[in-house]
Amino acid sequence: MAAPEFDDLWVVVPVYNEAAVLRQVLDELTAVFGHICVVDDASTDGSRAIARGFAARGVRLVKHPVNLGQGAALQTGFAYVLADPLMARVVTFDSDGQHMVDDAVRLARRLADGFDVVLGSRFLGRRAVALGRAKRAVLRLAVAYTNFSVRLKLTDTHNGLRAMSRRAVAAMNLTQEGMAHATEILERIRSAHLSHAEEAVEIKYSEYSKAKGQSLLNSINVLVDLLVK
Amino acid sequence: MLIKILLIAAVLAVGATLIRGHGARRQALRRLGLILFAVLAVVSILEPDWLTWAAQKINVGRGADLLLYTLIVVFFSYVATRHVRDARTQDKITALARRVALIEAPPPRDPPGGGGVAAEERSAGERSASSGGDS
């Protein structure tokens, strides 16, 4: 089952109403990783029961009593895995099935090169599969704006797949409950002087994830969240 | 005349309710503002021409316009303070909910000796030792 190589690694998976794909995501993750923290953000569609079914395969379920947002769910996961003294690395992994477990493995191994954070990038190297023109334009814009505001140089600023050292996880302390946490993570990378690198990852843009993913309009919400703190 | 009595009673009632609220030092400023508001409101009711006089002093024209402009400013400052307060309340809810989530969560690792999963299944709703972490 889980490789002993990753006994010091926790995968943090924020979940909100992903019953349709969660089983497959957890199936793939548990085949490689032995410690997975699913943070259920008060789902109403049975996601919780699915995650509970994986308890014997190393999935720990942490349940928000009320819906708080993805940023809050990530931070709850960070707080949970920091309670494990053996935790040395964390991978954040979206629950909608858009990430590849192989990519997660590569990101996690890359930490050994001395990085505090390794960020997944869909614009580095290979092209992301079937990314619409409008969505690509918005993402590019988000990348440009975010790089400007956090003073980093990255090719993809809004990718849910990341690997972090324990030091980086302890430095996060995310306060943006909603979707602006992606920028907040980068802000922490800069303010805590965390060494970082990007690694090319593939995104599976299924019909499901496209329908679930952040709409164009929602990027306006993200922008306002960041400007008006 | 009846409308004047009604309006004055309303202003005094609102002022009295607000002034009794508890808070920190910032409250003092708000109370001063409230007293000023109440005085101006009563004066305006008894002497409506005063409002027009004040409006003309600052080149607004009619007293009703001055009232409207003041109202707009007050409304937006209310929206702004409300926004800040809501954000603070949301932060508190998040901290509280996170605490609950961590208290209810199973321990991150099975204790040596096995049987951890079964134990965790049973303790899904009760307290466990894993409530550490920050926040």
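Helices (H or I, at least four residues) and strands (E, at least two) are DSSP runs numbered from the N terminus.

I am working with a predicted model, where local features need pLDDT of at least 70 and side-chain atom pairs count only at pLDDT 80 or more, while totals for chains, interfaces and linings use all residues.

**Sheet of chain A**

I looked up helix α7 (181-191) of chain A and found that α7 lies across β5, β6 and β7, at about 35° to β6(A). These strands belong to an open, mixed sheet of seven, ordered β3-β2-β1-β4-β6-β5-β7; I call two strands paired if DSSP finds at least two bridges between them. β3 and β7 of chain A each have a single partner strand, so one side of each is left without a neighbour in the sheet. I then checked β4 and β6 of chain A, which pair in the antiparallel sense over four bridges, with V90(A) partnering M164(A).

**Interface of chains B and A**

Next I saw 25 residues of chain B in contact with 30 residues of chain A. I counted two salt bridges between them (a Lys or Arg side-chain nitrogen within 4 Å of an Asp or Glu carboxyl oxygen). One of them joins R109(B) and D84(A) at 2.6 Å, N to O. On the chain B side, α4(B) gives the most, with eleven residues.

Terms used. Residues are numbered from 1 along each chain as its sequence is written. Chains are lettered from A and ligands numbered from 1 in the order in which they are written. Side-chain values use heavy atoms; hydrogens and water are left out. Contact means heavy atoms within 4.5 Å. Axes are lines fitted to C-alpha atoms, for helices over the stretch in contact, and angles run from 0 to 180 degrees between N-to-C directions.
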